[in-house]
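Please look over the structure below, and then read on for a careful account of its aromatic rings, one of its helices and the contact between its chains.

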Amino acid sequence: MSATPAAKRAVAESCIDYLTLELVNNYRRQLQGPPLQAALDAIGERVGRQLVERYAKERPPLLEQLDVMKFICKEFWAEVFRKSVDNLRTNHRGTFVLRDTQFRWLTRLSQNQMPPQVGQPLPAPIPKAELAADYLVLPCAIVRGALAGLGLEASVTADATSLPQVDFTVVVRQVAAR
Amino acid sequence: MPCFTFYIFNRKGACQYYHEWQRLKPVRSGAGSQEEDFKLMFGLFWSMRALSSALDPKNPAKQQMGAPQRIGDGCSFNSFRTSAYKLHFLESPSGLKFVLTTDPSVGSLAEALQYIYASLFVELVAKNPLYTPGEPFLFEPFSAALNKYMRTLGLLS
């Protein structure tokens with residue numbers, strides 16, 4: 001076994017971009033509604049847990065809820081979503097709001113305004129929050145899995161009414177025994 | 001305004017995107033209808049590519065029609081000019097064909113088309129979760145970015 005530490009390998013960001021959106025599209029072709037959410041949720045949770053293990057292994061254990069959230073906002077977000085969270089608010093009673101003003105996975109989302117056949121009326125404009133709903137299940141689940149990996153049971157929801165800004169609301173249920 | 005129209009064709013010949021800034025001669029008196037216009041365009045490129053590689057005095061490689069090729073490889077025509085307009089063409093390795101018609105006085109727009117493909121199309125269309133490859137599309141961010149780029153090139157006032 002080689003004793004030298006493995007050099008950090010890099011992969012093109014486009015690969016991750018395409019992979020995540022094709023993941024959702026692929027599942028969308030087969031499932032709709034709650035089963036779709038459940039499938040994406042399961043994937044995201046598992047990925048989140050494994051990623052956080054990887055990113056947090058070098059650090060000392062995080063004991064405070066606020067420290068955990070700060071880690072998620074800075075290091076974890078930077079690794080997964082390529083930038084850090086812009087704004088973190090809390091009510092100091094277990095609810096946190098993470099605001100990302102330019103959520104990179106969804107900056108390019110836009111509705112196709114082409115009518116299905118030439119001459120037919122244009123499709124009705126759909127609010128962006130609705131278009132983004134399916135694509136936000138994965139990031140929420142990743143964050144949830146990450147928190148679980150760090151010992152916090154929480155529920156994560158996302159609010160995308162003003163894209164490209166996305167607000168993630170984290171409600172911590174209980175602190176699991178570490 | 002020196003730029004007239006812009007088309008994007010997919011590999012099979014269907015027009016995915018069409019934008020016109022200025023078309024003084026209506027389609028009706030030209031090709032007859034919009035679909036005919038698209039068909040003529042596509043037929044044009046197919047023939048021009050075949051012709052230009054067949055008449056090539058230098059490149060010994062056999063041209064595979066329809067096969068993916070890096071931009072700049074092989075023998076593909078870049079533009080042709082008439083007394084009324086100049087037509088610029090770019091084929092991406094994925095088979096997407098970008099066409100731009102402008103005033104005949106415009107110089108080479110090969111880099112511009114390359115930019116439109118790499119930085120506008122790939123970023124704003126290919127990476128859009130709601131884009132279905134091969135289907136006609138109309139995305140507001142892409143149209144806006146295209147107009148903005150045309151303005152910076154000085155082709156659109």
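In this predicted model, ring pairs join B:Tyr7, B:Phe9, B:Tyr18, B:Phe38, B:Phe42, B:Phe45, B:Trp46, B:Phe77, B:Phe80, B:Tyr85 and B:Phe89 into a cluster. Rings of Phe, Tyr and Trp (its six-membered ring) pair if their centres lie within 6.5 Å, and planes under 30 degrees apart count as stacked, over 60 as edge-to-face and the rest as tilted. Over all chains, the structure holds 34 aromatic pairs.

| Pair | Centre to centre | Angle between planes | Kind |
|---|---|---|---|
| B:Tyr7 and B:Phe9 | 5.8 Å | 10° | stacked |
| B:Phe121 and B:Phe142 | 6.3 Å | 80° | edge-to-face |

Buried here means under 20% relative accessible area, exposed over 50%, and partly exposed in between (1.4 Å probe, protein chains only). B:Phe121 counts as buried because its relative accessibility is 3%, and B:Phe142 counts as buried at 0%; B:Tyr7 and B:Phe9 are buried as well.

Helices (H or I, at least four residues) and strands (E, at least two) are DSSP runs, numbered from the N terminus. Helix H4 of chain B covers residues 140-153, and its 14 residues should span 20 Å at 1.5 Å a residue, which agrees with the 20 Å between its end C-alpha atoms; the expected span is 1.5 Å times one less than the number of residues. Among the buried residues of H4(B) are B:Ser143, B:Ala145, B:Leu146 and B:Tyr149. The buried residues of this helix pack against strands S1 (3-9), S2 (15-20) and S5 (97-102) and helix H3 (110-126) of chain B. After H4(B) comes B:Gly154, whose phi is positive, near 90°.

Between the chains, 14 residues of chain B are in contact (heavy atoms within 4.5 Å) with 15 residues of chain A. The area buried between chain B and chain A is about 1400 Å², and carbon and sulfur atoms give 57% of that area; buried area is the accessible area (1.4 Å probe) that two parts lose on being put together, summed over both. In chain B, the residues B:Lys127, B:Pro129 and B:Leu130 lose the most area to chain A, together 47% of what that side buries.

Residues are numbered from 1 along each chain as its sequence is written, and chains are lettered from A in the order in which they are written. Local features need pLDDT of at least 70 and side-chain atom pairs count only at pLDDT 80 or more, while totals for chains, interfaces and linings use all residues, and side-chain values use heavy atoms, with hydrogens and water left out.
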